[in-house]
Amino acid sequence: MAIAIVLILGLCVGSFLNVCIYRLPLGKPVNKPPRSFCPRCDHVISWYDNIPIVSFLILRAKCRSCGGRISFVYPFVELLTAGAFFSLYSRFGLGFESVSYAVLSCGLIVATFVDLKHRIIPDEVSIGGIIAGFVFNHNIDSLLGILIGGGVIYLTGLLGDFIFKKETMGGGDVKLLAMIGAFLGYKKALFTFFAAPFFGTAVGVYILLKKKDHTIPYGPFLSLAALVSIFWYEPIMRLIFPVYF
């Protein structure tokens, strides 16, 4: 029963995250209008057409009003959020730690999909997440996570700017890692900083060769590395530094 509740909650939260992903980069408030609408015809979506996953399948990925295609990103975000909630529940149970990590996961999901499409990370996510992370933890580790997490990637960006004579790291990435540090502390923030390039290298090479584009959205790789640190920080560190862990 608890698993079903966690999954349903994850799907519903994922549906709200879709609203955030669409509206935040456009500067639109997530609560006005209060109900979802089709981005093509502006038709207000009825509740029975807004049931996570189910409505998407019944409507066959088309708007009931205008027949426009509904992106597969919507059900994917819902399933991804439900999967994240289930994984956190399975690992940490129902408690304060799970809630904290769930809030962080939601911020990372929104940051990832906005960054992939718009190459920005909304301040509502990163700065709001920094505040939320510190409120959840309110300790020195969280404060150091903010300062060291944001600081190390900021200094890396300055070094990259000097070497390549152009901007190499966006301010959104700096605030995103500071947010991660606020929730996870400085050790896991540093782990995220060093792990993210391993995920980003292969994608960066592909984009460079196929699209001749020298820039890649870095937020998704920071987000993925942060999730890895939540679940596997200790085993990975024991593998790398067996003497100290």
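## Terms and model

A residue counts as buried when its relative accessible area is under 20%, as exposed when it is over 50%, and as partly exposed in between (1.4 Å probe, protein chains only). Helices (H or I, at least four residues) and strands (E, at least two) are DSSP runs, numbered from the N terminus.

What you have here is a predicted model, in which local features need pLDDT of at least 70, side-chain atom pairs count only at pLDDT 80 or more, and totals for chains, interfaces and linings use all residues. Residues are numbered from 1 along each chain as its sequence is written, and side-chain values use heavy atoms, with hydrogens and water left out.

## The chain as a whole

Let's start with the overall picture. The chain has nine helices and zero strands. A compact globule of 245 residues would have a radius of gyration near 18 Å, and the chain agrees with this at 19 Å. That radius is taken over C-alpha atoms, and the globule rule is 2.2 Å times the number of residues to the power 0.38. Along the principal axes, the C-alpha atoms fill a box of roughly 60 × 45 × 30 Å.

Of the 245 residues, 43% are buried. The accessible surface comes to about 13900 Å², and carbon and sulfur atoms account for 70% of that; the areas come from the Shrake-Rupley method with a 1.4 Å probe, and for residues only the protein chains shown count as cover. Contact means heavy atoms within 4.5 Å. Among contacts between residues at least 6 apart in sequence, 67% join residues at least 24 apart.

## Helix α7

Helix α7 covers residues 171-184, and its end C-alpha atoms lie 20 Å apart, in agreement with the 20 Å that 14 residues should span at 1.5 Å a residue. The expected span is 1.5 Å times one less than the number of residues. This helix is mostly covered, with 12 of its 14 residues buried. Among them are Asp173, Met179 and Phe183. After α7 comes Gly185, with a positive phi near 90°.

Helix α1 (residues 2-23) has 22 residues and reaches 32 Å from first C-alpha to last, close to the 32 Å expected. Its buried residues include Gly10, Leu11, Gly14, Ser15 and Asn18, and the cover over the buried residues of α1 includes α3 (73-92) and α4.

Glu78 sits in α3. Leaving aside neighbours within four places in sequence, Glu78 is in contact with Gly10, Leu11, Gly14, Ser15, Asn18, Pro52 and Ile53. Glu78 is buried yet has no salt bridge, and the nearest side chain of opposite charge, Arg23, is 13 Å away. For the charges, Lys and Arg count as positive and Asp and Glu as negative, while His and the chain ends are not counted; a salt bridge is a side-chain nitrogen of Lys or Arg within 4 Å of a carboxyl oxygen of Asp or Glu.

## Asp115 and Arg119

Asp115 belongs to helix α4 (residues 96-118). Like Glu78, which is buried without a salt bridge, Asp115 is buried and has none; Arg119, the nearest side chain of opposite charge, is 5.9 Å away. Beyond neighbours within four places in sequence, the contacts of Asp115 include Asp173, Tyr218 and Pro220.

Arg119 lies in the loop between α4 and α5 (123-137) and is partly exposed, with a relative accessible area of 41%.

## Two positive phi values

Most residues other than glycine have a negative phi. Arg119, though not a glycine, has a positive phi near 60°. Ile53 is not a glycine either, and its phi is positive at about 65°; Ile53 is found in the loop between α1 and α2 (54-58).
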